[in-house]
Amino acid sequence: MKITRKASAEWSGGLKDGKGAISTESGALAAYPYGFASRFEGTRGTNPEELLGAAHAGCFTMALSLILGEANLTATKMETSAKVTLEQVEGGFAITKIHLTLQGQVPGTDEATFKQLAAKAKANCPVSKVLNAEITMDASLTA
């Protein structure tokens, strides 16, 4: 099976005064604005790093659902956040780290097993595989 998804970005103007828009094929984002201020100065709006974080959190959580199922477990609830670090390095900027934080409710398992299965999902989700950044994670089982 081969699946292709599309997203696009538009940009007009210079780096600091320019404006951009991001769209996804599904329509979840339709010409959603982004720019220098939302990326580097903390103003409202989106940026590539938070979109990457959302994609990674979503992919990882779905992968963990699959891995739990293979272990005959089903999550009541899982919540994952991704903290994406963009920093200035020699030669420009780079995404240097992604830290996943997972909280899950999974009846019938223990903390050690949950962490082991989460680590397998982190290593094997398609978004993790494509990234060349340090990917770290915290996982905790909640009641």
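This is a predicted model: local features need pLDDT of at least 70, side-chain atom pairs count only at pLDDT 80 or more; totals for chains, interfaces and linings use all residues.
Local features need pLDDT of at least 70, side-chain atom pairs count only at pLDDT 80 or more, and totals for chains, interfaces and linings use all residues. Residues are numbered from 1 along each chain as its sequence is written, and side-chain values use heavy atoms, with hydrogens and water left out.

The largest nonpolar core has 21 residues. Such a core is a set of buried Ala, Val, Leu, Ile, Met, Phe, Trp, Tyr and Cys residues joined through side-chain atoms within 4.5 Å. Buried means under 20% relative accessible area, exposed over 50%, and partly exposed in between (1.4 Å probe, protein chains only). Phe60, Leu64, Leu68, Leu102 and Ala118 have the most contacts inside this core. At least two core residues come from each of H2, strand E5 (92–105), helix H3 (111–124) and strand E6 (134–141). Helices (H or I, at least four residues) and strands (E, at least two) are DSSP runs, numbered from the N terminus. H2 gives the most, with six residues. Ala118 touches Phe60, Leu64, Leu102, Met137 and Ala139, not counting residues up to four places away in sequence; contact means heavy atoms within 4.5 Å.

Met62 also lies in helix H2 (residues 48–70). Met62 is exposed, at 64% relative accessible area. Its C-alpha atom is separated by 8.6 Å from that of Ala121, 59 residues apart along the chain.

The structure holds zero disulfides (pairs of cysteine sulfur atoms within 2.5 Å). For Cys59, the closest cysteine sulfur is in Cys125, 3.4 Å away and too far for a bond. Cys59 is buried, at 15%. Cys125 is buried too, at 0%.
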